[in-house]
Amino acid sequence: MLSATASLMLASAVYAAGEPAVVPYAKMSKSVVDGVVTNGEYADSYADSATGMAVYWDQDGTNLHVALVSKGTGWVAIGFGPKGTAMDGANIIIGYVSDSGNLTISDEIGTGFEHYSDTAKGGSSNLLSAAGSHNGGGTTIEFVTPLNSGDVNDQAFQAGGSYGFILAYNKSEKDLTTYHTARSQRLSLQIEDPNATTVPGAGSNVTKPEAKQKATSLKLNLPLESMADGRVPISAKVVDQNGTAVSSSVVNFYVNTTFGEVKVGSAITNRDGTASINITRKIDGILAVRAEYLGDTGYNASGKVGYISVRAAHVTQSNQLWWVFDFTQIIIVTVIGSVFSVYAFVLYQVRKISSEGGAS
Ligand code: HEM
């Protein structure tokens, strides 16, 4: 449990000073309220430098799922409220785990530097579920509460809204009343709106990226020059942003001709993310080759252009693509042939006229 918690704390999102921590929208939250935070259980987390506490959280548009982790064995708490909230008026969730592992948790309202249960202040307890444990020398408390309980003592959250939150814990006292041994600054959070087109907390001019869409890159492997028989082996390797091969995907290959770019083939990437074709080039010169991966669900498109030197003197055989490269020659021969035919016809007519003229 210790290692799971420690590694998760390292994975916490990093926010600049004053930037609101985003409580991500997770349609199907994976949180399990069992008092233990596992890797990937929550969509995001926030690490508080003042207290050393970590908060794991996400929301599904209806409920807020939270885990609080402290380095102590006493009470831990989080308070929600309007922007800039401190203790006074905060919607506080505070709890502790006894030595025998029992959780005591309370939905409270801050009043000055004190706090009282919601029920004592005309409201109701709105914890849908909760669990806690001591692990790795610290305390973990998980709970689920409505984003908008309707309770006058609770903070009502709305999608896209910005709010304040505070954190505190006591390193050893297992009660709800002893003064904290560490407390946070006044912090701010934003409830992610799944329908928003901008990134929460990043200003309105930052477009929200496609969910879980990974960037890809394509590496083109070309020989420096064509082989003795004119063959040009071409391959392209596609990997995602983590360097993982993108397999079973189509890569298209193009070359530049006098008439512009011509598609010369396509191939499916293998387990290594590599797609390969062979072409044959019969004309001397520099050949521009472009490979493109059009992207797929979860992967963005990528492509690359490369050049090879073709030495036609070495070419001894053609292949199935000969017509692509000989097309230029066919056109030239046809045009020249047509010009000569017209010239011969005109010459014939002129001679005929002049010979007929001579006869009369
Ligand atoms: C358990 C009983 C509590 C007592 C007796 C108490 C007492 C106090 C006192 C005397 C202060 C002012 C001195 C200072 O800044 O440290 C204070 C500030 C603060 N407390 Fe508490 N507190 C309690 C619980 C909590 C809880 C549960 C939270 C968080 C959920 C909390 C969060 C804070 C914060 C964030 C401040 C700084 C407020 C500001 O920025 O002005 N406290 N508390």
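**Figure 1. The shell around the ligand, by residue class.** In this predicted model, the shell around the ligand is made up of 11 nonpolar, 6 polar and 2 charged residues. Here Ala, Val, Leu, Ile, Met, Phe, Trp, Tyr, Cys and Pro count as nonpolar, Asp, Glu, Lys and Arg as charged, and the others, Gly among them, as polar. Of the 19 residues around the ligand, those that come nearest are Met-87, Tyr-179, His-180, Arg-183 and Arg-186; a residue is near a molecule if one of its heavy atoms lies within 4 Å of it.

The model is predicted, and local features need pLDDT of at least 70, side-chain atom pairs count only at pLDDT 80 or more, and totals for chains, interfaces and linings use all residues. Residues are numbered from 1 along each chain as its sequence is written, and side-chain values use heavy atoms, with hydrogens and water left out.

**Figure 2. Polar side chains reaching the ligand.** The side chain of His-180 has an N or O atom 2.8 Å from a nitrogen atom of the ligand. Arg-183 places a polar side-chain atom 2.6 Å from an oxygen atom of the ligand. In the side chain of Arg-186, an N or O atom is 2.8 Å from an oxygen atom of the ligand.

Figure 3. The ligand is found in the largest pocket. A pocket is an open set of points on a 1 Å grid over the protein atoms alone, where a 1.4 Å probe fits, with protein on both sides within 12 Å along at least five of seven lines; a molecule sits in it if more than half of its atoms lie within 2 Å of its grid points. Strand 5 (76–81) and strand 11 (162–169) are the elements that give two or more residues to the shell around the ligand. Strand 5 provides the largest share, 3 residues. Strands are DSSP runs (E, at least two residues), numbered from the N terminus.

Figure 4. Side chains of opposite charge can pair when their charged atoms come close. The structure holds 4 salt bridges, each a side-chain nitrogen of Lys or Arg within 4 Å of a carboxyl oxygen of Asp or Glu. In this view, the side chains of Lys-174 and Asp-99 meet in one of them, at 3.4 Å from N to O. Lys-174 lies in the loop between strand 11 and strand 12 (182–183), and Asp-99 in the loop between strand 6 (91–97) and strand 7 (103–111), so the pair ties together parts that are 75 residues apart in sequence. Lys-174 is partly exposed at 27% relative accessibility, while Asp-99 is exposed at 70% (buried means under 20% relative accessible area, exposed over 50%, partly exposed in between, with a 1.4 Å probe and protein chains only).

**Figure 5. A network of salt bridges around Arg-290.** Glu-261, Arg-290 and Glu-292 are linked in this network. The side chain of Arg-290 meets that of Glu-261 at 2.8 Å, N to O. This pair links distant parts of the chain, with Arg-290 in strand 19 (residues 285–293) and Glu-261 in strand 17 (residues 260–268), 29 residues apart. Arg-290 also meets Glu-292, at 3.1 Å, N to O. Glu-292 is buried, at 15% relative accessible area.

Technical notes:
A polar contact is a pair of N or O atoms within 3.5 Å; within protein, one must be able to donate a hydrogen and the other to accept it, and residues adjacent in sequence count only if both atoms are side-chain atoms. On a 1 Å grid over the protein atoms alone, a cavity is a set of points where a 1.4 Å probe fits but cannot get out, and a pocket is an open set with protein on both sides within 12 Å along at least five of seven lines; lining residues have an atom within 4 Å of a point. Helices (H or I, at least four residues) and strands (E, at least two) are DSSP runs, numbered from the N terminus.
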